[in-house]
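Dear colleague,

I am handing over the structure below, and I would be glad if you looked it over before reading on. My notes on what was found in it follow.

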Amino acid sequence: MDKMKAGIIGCGNISAIYLENLKKSPVIEVVAVADLVRERAQERADEFNIANVYNVDELLQNKEIELVINLTVPGSHAMTDIAALEAGKHVFAEKPLAISIEDGRKVIELAEEKGLYVGSAPDTFLGSGIQTARQAIEDGLIGKPIAATSFFMGGGPEAWHPNPEFFYMDGGGPMFDMGPYYLTALVTLLGSIRRISSSAGIQIVDRKIGSGPKEGTALQVQTPTHLAGTIDFNDGAIATMITSFDIRGASDLPRIEIYGTEGTLSVPDPNYFNGEVKLRKYGQDTWETVTPIFESGQNERGLGVNEMVESIRAGRESKASGKLAYHVLEAMHAFQRSSLEGKHILLESNYEYNAATKTDDNQTETVPSTN
């Protein structure tokens, strides 16, 4: 079968790993790149031997291109998605799906109206780490899941990122930057979220860029940098979650742990595709390593794009779908709203990733169902 021709819009830092991985894709051929800074697009084209360098409008008007991979900055995600959909193209975007819930809803509704697919990072949950943990839960290794903890504890990206300003604008901060990885993993493992309560604040105001040509430049912090809260899942589990850019020393807190009636599961860093899953059964004194159900590399970004194209051709719901990303987007906003409004926030969206469809006599493929 011919590969689906794709174009990438946004040629910043993360585009390199997408291009590196997609060069090996059996179902996608990246035929064009575009960026507001044409020189940056040209650099990526030269680096990865991409034939065409376009401006954004030229790429969207190219009828050969069926899929747009949107790697723009977060504030442009929804706008670029909508433009791609209006041009009749499927689209897969970096996280988050959108900055506002309203824009996220517009993307989902437009895709449904046009009969097109929308996918969104993170796709790390498709890797061996989260999928092995999910299988362990389905196999009953910890009994019924009843609670979880999830911690992202960091000092902020300004020490290493050359252009970190957007991390501290509306739609940035640790929740919108790293929260999608953790929340997507939790939804994959525990099901959809019912309500959220939290406290959020800017605990460290004075920040400066620590490297590159802007070193020493002061940053304006316009979004919460420390968010702590509880998540109630529809199936009954209760999770404690912290995301922070205000932890400048070390932390030994686990990334994610799932607690069940018969044991505990230690889940690897959801920012990566692989990692060890550890199990400690009720009554045991030591942890054991759960055998991975398949092998993954550490950084396979683009896996969700491949899966989406396969789903388009099979006529099924894709896994790293816009509907999943919208549920996560609503959850991230709920963390901020709860703190501002001083109450639990009930989520309106619902997402269940739990239906298995038999694909042949020897394997089953997990396919999400949505509501």
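Helices and strands are taken here as DSSP runs, of at least four residues (H or I) for a helix and at least two (E) for a strand, and both are numbered from the N terminus. Please keep in mind that this is a predicted model.

An unreviewed UniProt entry annotates residues 130-265 as "domain: GFO/IDH/MocA-like oxidoreductase". That span is 19% helix and 33% strand, and its end C-alpha atoms lie 11 Å apart.

Turning to the sheet, nine strands form an open sheet with mixed pairing, in the order 16-15-14-13-7-12-11-8-17. Strand 16 (288-290) and strand 17 (345-346) stand at the edges with a single partner strand each, so one side of each has no neighbour in the sheet. Strand 8 (residues 193-201) and strand 11 (residues 226-233) run antiparallel and are joined by eight bridges, and within this pair Ile196 stands opposite Ile231 of strand 11.

Helix 8 (residues 179-190) lies across several strands, including strand 7 (145-153), to which it runs at about 165°.

Finally, Gly140 sits in the loop between helix 6 (128-138) and strand 7, and is partly exposed, with a relative accessible area of 35%. Its C-alpha atom is separated by 9.8 Å from that of Thr261, although the two residues are 121 residues apart along the chain.

With kind regards

Terms used. Residues numbered from 1 in each chain as written. Predicted model: local features only at pLDDT ≥ 70, side-chain atom pairs only at ≥ 80, totals over all residues. Heavy atoms only, no water. UniProt positions renumbered as here; feature names shortened; annotations may be inferred. Pairing = 2+ DSSP bridges. Contact = heavy atoms within 4.5 Å. Axes fitted to C-alpha atoms, helices over the stretch in contact; angles between N-to-C directions. Buried < 20%, exposed > 50% of the residue type's maximum accessible area, 1.4 Å probe, protein only.
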